[in-house]
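Here's a quick walk through a model, from its domain layout to its ligand sites. Have a look at the sequence and structure first.

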Amino acid sequence: MNASMYKSAVKPTWCPGCGDFGVLAGITQALAEMGWEPENVVAVSGIGCSSRFPFFLSTYGFHSIHGRAVPVAIGMRIARPDLKVVVFGGDGDGFAIGGGHFLHGARRNVDVTYVIMDNHIYGLTKGQTSPTSDLKFKTKSTPYGSVEPPINPVQIAICSGATYVARGFAGDPKGLKDLFVRGMRHKGFALIDVLSPCVTYNRVDTFKSFKERIAAIPADHDRADLSAALTLATDPERFFTGVLFEIQRPVFEDRVEALKGYSDRSWIEVVEDVFDSMS
Amino acid sequence: MAKQFIKGNEAVVKGAILAGCQAYYGYPITPASEIAEAAAYYLPLLGRTFLQAESEIGAINMVYGAASAGIRVMTASSSPGISLKQEGISYAAGAELSCVVVDITRGGPGLGNIAPEQSDYNQMVKGGGHGNYKLIVLAPNCAQEMCDLTMHAFDLADRYRTPVVVMADGFVGQMMEPVEFPAPVVDLPPKPWATAGTPETYKNLITSIDLEPDDLERHINHLYAKYAEIEANEVRYEEYMVDDADLVCIGFGVVSRILQSGIERVRAEGKKVGLLRPITLWPFPEKRLARLADEGKKLLVMEMNKGMMVDDVRLAVQHRVPVGFYGRVGGNVPSGREVYDQIMLHLEAV
Ligand SMILES: Cc1ncc(C[n+]2csc(CCOP(=O)(O)OP(=O)(O)O)c2C)c(N)n1
Ligand code: SF4
């Protein structure tokens, strides 16, 4: 398998220099390294520039509804647990309109890999504030500066029950590939928040400014240690990149499956039983 | 105030400001974002509030809350975002709260595209939410009306304690035209039902629940008595050369403007064609249409959808006269040529 076989014939419609190109490079390499057959992979997204991802992959694609990628992915996983699901989206899609869904995807520990392209702005709608925009950040919808402190995607993921939480940088596709591969191998809700600059509408959070704040996670960091992970995740100055948190916990699909007490009987028999018991 | 050359979307915000709108809650979506962006710019300068919510659901519920406090409040969005707001709109109609919802319509279904369509007619006029309720729906066709009808919407909302919709296709929202500003509204009606923070009103309860069937039926009958009053008093439409016409074209929003120039062209050729433009889509000018049918005039409905308002026209005339339909979808706006050809086609059939 090589990376190019996961690229579709559609040329990405992102602006030249958009951080999302780095994510695409990292993902196709990760898929190649995993050796997943394209027919076993579903790319699910919401709506946004970043959510165009499924068009650019030659896997199954589901370009769904703004903010609803997680429930769509859950539906997909329950219906076809044999298919690998990778979810793509922006910070607005995932944490504003989709914020409520995110928490429940994480606590259920659904077995998906979720890649957020975090550019601290709304790209597709041409530059409004996002939940990860900094306080005082000026956009078209915050002309006097934002009065809302940002949320921290990795902190939220850790606290909501995600079992693999990493932070990456679009300027480092090789590093991204490693984070994606590890997230894909992980059984459970794997969130990779990628700092991925919007070069068109965000002149503050750029490749340069992100790079200056990035720091590698210390080699002795215990990834199973929740409070150590939160300390790194919430560092006020630095963006620690790498795997912040990783634990094992039963996944939603298995818990759902375990409820199916009738798995060795035909469903018709079960229905008859249930109906009889009601008569 | 001097005339300004502005986009329809900006005219909405300026109209809202003049009407005394105190708060705007929204969520970005093309082609309605300029409304949020203009509100974000102007409202704080006036000591009023703008907030970008976490979603359209968040936004309509913030509106629901602010409306219950009795202030003038609005939200705006475009078709997919309006679909999300429908739950909140149903609640506001049930709880009888005054608010204004602006819909700058785009192409659907689904994500569709960001080009102009009028396919939200059914979700707005027929009620996209659950339950027995109606929404007043105003359909501007120029930037001036975007301002004026937004102001009117706030008045209607207060007068009838009901959500009012201003629905314009993306074309009218994006078009730049001169706008003259009416005088600001200074005297706002009192709202004794609101959470006013006074000793007299502290027992006010805002709700849309009525567990007893008889209670709910009474409440719905009360709503429908109000709707009957609206139907009797608030119908608005505009006519152009209808009196001697053999064929009357019917269209709202940008379509009405294209129709008007098409009619001018065929009139120059001596053909008797007129235009009726509903300004209120609900209440609908059905009485006027019935009279046109009495006079035996043929009708041609043109819309940027697959035929939605045409159903209301057919109901109004009860199939007594032929009702033709021509629609373009996908964000295509009918051209002058198409309008001309359609008029000729339907005239010939006279
Ligand atoms: C219900 C609904 N509301 C609003 C929109 C408009 N919209 C599309 S993408 C988007 C946000 C884009 O920002 P983000 O999710 O951060 O992704 P980016 O474009 O920056 O990659 C919005 C508000 C929509 N498509 N549907
Ligand atoms: S607008 Fe921003 S996020 Fe969207 S493609 Fe362009 S650079 Fe990327």
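Chain A splits into domain 1 (3-248) and domain 2 (250-279), with bounds that come from an automatic or database domain assignment. The C-alpha centres of these two domains of chain A lie 36 Å apart. Where they touch, domain 1 of chain A puts in nine residues and domain 2 of chain A four; two residues are in contact if their C-beta atoms, placed from the backbone, lie within 7 Å.

A word on ground rules: this is a predicted model, where local features need pLDDT of at least 70, side-chain atom pairs count only at pLDDT 80 or more, and totals for chains, interfaces and linings use all residues. Residues are numbered from 1 along each chain as its sequence is written, while chains are lettered from A and ligands numbered from 1 in the order in which they are written.

Now the ligands. Ligand 1 has 25 residues around it, and Gly48(A), Ser50(A), Gly90(A), Gly92(A) and Gly123(A) are the closest; a residue is near a molecule if its C-beta atom, placed from the backbone, lies within 6 Å of it. The site is shared between chains, because residues from both A and B surround ligand 1. Around ligand 2 sit residues including Trp14(A), Cys15(A), Cys18(A), Cys49(A) and Cys198(A).

Here's the make-up by class (Ala, Val, Leu, Ile, Met, Phe, Trp, Tyr, Cys and Pro count as nonpolar, Asp, Glu, Lys and Arg as charged, and the others, Gly among them, as polar):

| Residue set | Nonpolar | Polar | Charged |
|---|---|---|---|
| Shell around ligand 2 | seven residues | three residues | one residue |
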